[in-house]
Amino acid sequence: MRRKLFKALAISTAMATLFTMGSIGTFAEETETEEYTGDCSDEDTKNGDDIGEKELLIVSFGTSYNDNRQATIGAIEDAEAAAFPEYSVRRGFTSQIIIDKVAERDGKKFDNVGEALDRAVENGVKTLVVQPTHLMNGYEYTDLKDELETYVDQFDQVVLANPLLTTDEDFQAVATAITDATKEYDDGETAIVFMGHGTEADSNSVYAKMQETLTEAGFENYFIGTVEAEPSLEDVLALVAEGDYTKVVLEDLMVVAGDHAHNDMAGDEEDSWKSQFEAAGYEVECILTGLGEIEEIQQLYVAHTQEAMDLLAE
């Protein structure tokens, strides 16, 4: 008789969770309001059957911005597939609102995470590796971990990998990636502002830590703010005002450039970040890309997946 185990195993200062012998409900949802944003008719939903005994499930919030979804989440999934050809890469989204919207608008059906897990069981998967594209170990990551625990009896092994920002090395790697991607703007006269989502969870501290990491590395023209927590837009406006900047470049610190990027950041409404910086007298440029488009970010997820796989029994 097999013994059930559920334990957290440390990877340097990070935490990956291994379930031996192991339906996601949707996480906190947000509504995206944009019109049609690209063709997804040829997009692989990554929810096929007959996939073998090893599955790598990539869990993302999702986005209904078709082009950006394929350029970010799709790119991460492709990088994982290239790194681990012995695994079948599958997709699970946590936002049912987004799943339903894309299905109704474009006729493209993605699995939610519960459906993806049930499909893995039906497919006879024995080893399941789950890599979330979450930025941090917040509420959504905890919900995912708790729900996976209910599947302990369905697989021989289940391992949950770390989110993007877990160790000090992760912060340094992401800081390098975003500054390399925007170095053409770092001219001393431009404030480069990254907009994160923000959360009420303690993990919101990742934004302050990212700011600290950038500043300590000498990137004094870089600023981090959030839409729904702290540092707020008002905080960032005040910090930028302390410098002699004439221009502001805005980019989101999220995996995808979805509703928040297009509306809260780059929208024309008077309360958008773009409008508020323009009202303060700055020339503003918005970069509508997500972190998932950056190859170094993709490879950091791959590294986290490898760390999780290293916990599996031979």
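The side chain of S232 makes a polar contact with the side chain of E234 at 3.3 Å, a polar contact being a pair of N or O atoms within 3.5 Å in which, within protein, one atom must be able to donate a hydrogen and the other to accept it, residues adjacent in sequence counting only if both atoms are side-chain atoms. The structure is a predicted model, in which local features need pLDDT of at least 70 and side-chain atom pairs count only at pLDDT 80 or more, whereas totals for chains, interfaces and linings use all residues. Residues are numbered from 1 along each chain as its sequence is written, and side-chain values use heavy atoms, with hydrogens and water left out.

S232 lies in the loop between β8 and α7; helices (H or I, at least four residues) and strands (E, at least two) are DSSP runs, numbered from the N terminus. With a relative accessibility of 16%, S232 counts as buried, where buried means under 20% relative accessible area, exposed over 50% and partly exposed in between (1.4 Å probe, protein chains only). P231 is found in the loop between β8 and α7 as well, and the peptide bond leading from E230 to P231 is cis, with omega near 0°.

An open sheet is formed by 4 strands in the order β8-β7-β9-β10, with parallel pairing; two strands are taken to pair if DSSP finds at least two bridges between them. β8 and β10 (283-287) stand at the edges with a single partner strand each, so one side of each has no neighbour in the sheet. Direction ignored, neighbouring strands of this sheet are turned by 25° against each other on average. The parallel pairing of β7 and β8 extends over 5 bridges, and M195 has G225 in β8 as its bridge partner. Helix α7 (residues 233-241) packs on the sheet, touching β7, β8 and β9 (247-252), and its direction makes about 160° with that of β8. Such angles run from 0 to 180 degrees between N-to-C directions, the axes being lines fitted to C-alpha atoms, for helices over the stretch in contact.

The largest nonpolar core comprises 36 residues, of which L164, L165, V174, I178, M210, L291 and I297 touch the most other members. A nonpolar core is here a set of buried Ala, Val, Leu, Ile, Met, Phe, Trp, Tyr and Cys residues joined through side-chain atoms within 4.5 Å. Two or more residues of this core come from each of α1 (66-83), α2 (96-106), α5 (168-181), β7 (190-196), α6 (205-216), β8 (222-226) and α10 (295-309). The greatest contribution, 5 residues, is that of α5. Neighbours within four places in sequence aside, I297 is in contact (heavy atoms within 4.5 Å) with L164, V174, A177 and L291. A second, separate core of 20 residues has A191, V236, V240 and L250 among its members.

Helix α5 has 14 residues and reaches 20 Å from its first C-alpha to its last, close to the expected 20 Å at 1.5 Å a residue; the expected span is 1.5 Å times one less than the number of residues. D170, F171, V174, A175, A177, I178 and T179 are the buried residues of α5, and these pack against β7, α6, β8 and α10.

Strand β4 (residues 88-93) is largely enclosed by the rest of the structure, because 6 of its 6 residues are buried. Both of its faces are covered, with S88, R90 and G92 buried on one side and V89, R91 and F93 on the other. Strand β3 (residues 54-60) runs parallel to β4 and is joined to it by 6 bridges; within this pair, I58 stands opposite R91.

Q131 is placed in strand β5 (residues 127-132) and counts as buried, at 0% relative accessibility. Its side chain reaches the backbone oxygen of N162 at 2.8 Å. Beyond residues up to four places away in sequence, Q131 touches L56, L57, I58, V59, E80, A161, N162, Y301, H304 and T305.

The loop between β2 (14-20) and β3 contains K46, a residue other than glycine whose phi is positive, near 55°. D50 lies in the loop between β2 and β3 and, although not a glycine, has a positive phi of about 55°. K46 counts as buried at 11% relative accessibility, whereas D50 is exposed, with a relative accessible area of 77%.
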